[in-house]
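Good morning. Please look at the sequence and the model on the screen, and I will go through a few of the local features.

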Amino acid sequence: MTSRVIGARSVEGDIIGEDMARTSSLTDDVFAKLEAQIRSGGLAPGSRLPTQKEIALTENVSRTVVREAVARLSAQGLTVSRQGSGVFVADTAEYRAFQITRDELNELADVIKLLEMRLAVETEMAGLAAARRTTADIGGIQEALHHMNEQSGDPIAAAKADSAFHLAIARATQNDYYVRLVDFLGLRLVPPRNLYLRDQPDEAHQAYVAKVRGEHDAIVDAIVRMDPQRAREAARHHMQESLSRHSMLSASARVRDRSA
């Protein structure tokens, strides 16, 4: 008797889970269509969205799906609600905020794109840090570097410490925009080690850690000595090495795909 009840609950749970997944997928679809109309100008800034009932009929979905999709538009600043009048496209909807999501960085090609962007940002950031750093900045950078070395055996903890290291360098530029950019990117700054060293033995991980440590040491040394040119060169070398490693990995993956 008990087993039948448990089994019934299990089937009911599966059905509920499938319904939730279906609703989420439909919401994604409706949101994407409405967003595309706003971005393309089909729904111009200041124009009123169709009512939820009209959208539901047009898209052949429930009002719940439409309500969630419209709420998402509002959360992203694309629409505004006016009491008694409806939902309108925001005047600033054409300005899309810069975003890099975690999901994007699961793909090697997107990691390489981010590294290409960082090549320019990190190079100049290190140069400014070397020119403007204070004694307190040096303490923060060295502390972050020490913590990163301590966490080298744990890829996740090491990535967090690596992000803190770059944030400390950003602070040393005395430019809040660098700090805000690096803080926004957070862990996205650091390509996951397991992506590059997938299925590699411990020796490969240790060699990787040692190489990156040497690259970081060179950046810190130049900043300590207040040598902007050397700091730029060290930072650029560090980023180029990372870009080369991941580009080679991408090329190898393409070869394997063609062979398969």
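I start with His 238, which is found in helix H10, residues 228-259. Helices here are DSSP runs of H or I with at least four residues, numbered from the N terminus. This is a predicted model, where local features need pLDDT of at least 70, side-chain atom pairs count only at pLDDT 80 or more, and totals for chains, interfaces and linings use all residues. Residues are numbered from 1 along each chain as its sequence is written, and side-chain values use heavy atoms, with hydrogens and water left out.

Is His 238 buried or exposed? His 238 is buried, at a relative accessible area of 6%; buried means under 20%, with a 1.4 Å probe and protein chains only. Its side chain makes a polar contact with the side chain of Glu 215, at 2.5 Å. A polar contact is a pair of N or O atoms within 3.5 Å, and within protein one must be able to donate a hydrogen and the other to accept it; residues adjacent in sequence count only if both atoms are side-chain atoms. Leaving aside residues up to four places away in sequence, His 238 touches His 166, Val 212, Glu 215, His 216 and Ile 219, where contact means heavy atoms within 4.5 Å.

Next, helix H6, residues 155-172. Of its 18 residues, 13 are buried, so H6 is largely enclosed by the rest of the structure. After H6 comes Gln 174, with a positive phi near 60°.

Last, the rings. Arg 82 lies over the face of Phe 88, 4.1 Å from the ring centre. For this, CZ of Arg must be within 6 Å of the ring centre and within 35 degrees of the ring normal.

Terms used. Helices (H or I, at least four residues) and strands (E, at least two) are DSSP runs, numbered from the N terminus. Buried means under 20% relative accessible area, exposed over 50%, partly exposed in between (1.4 Å probe, protein chains only). The expected span of a helix is 1.5 Å times one less than its number of residues.
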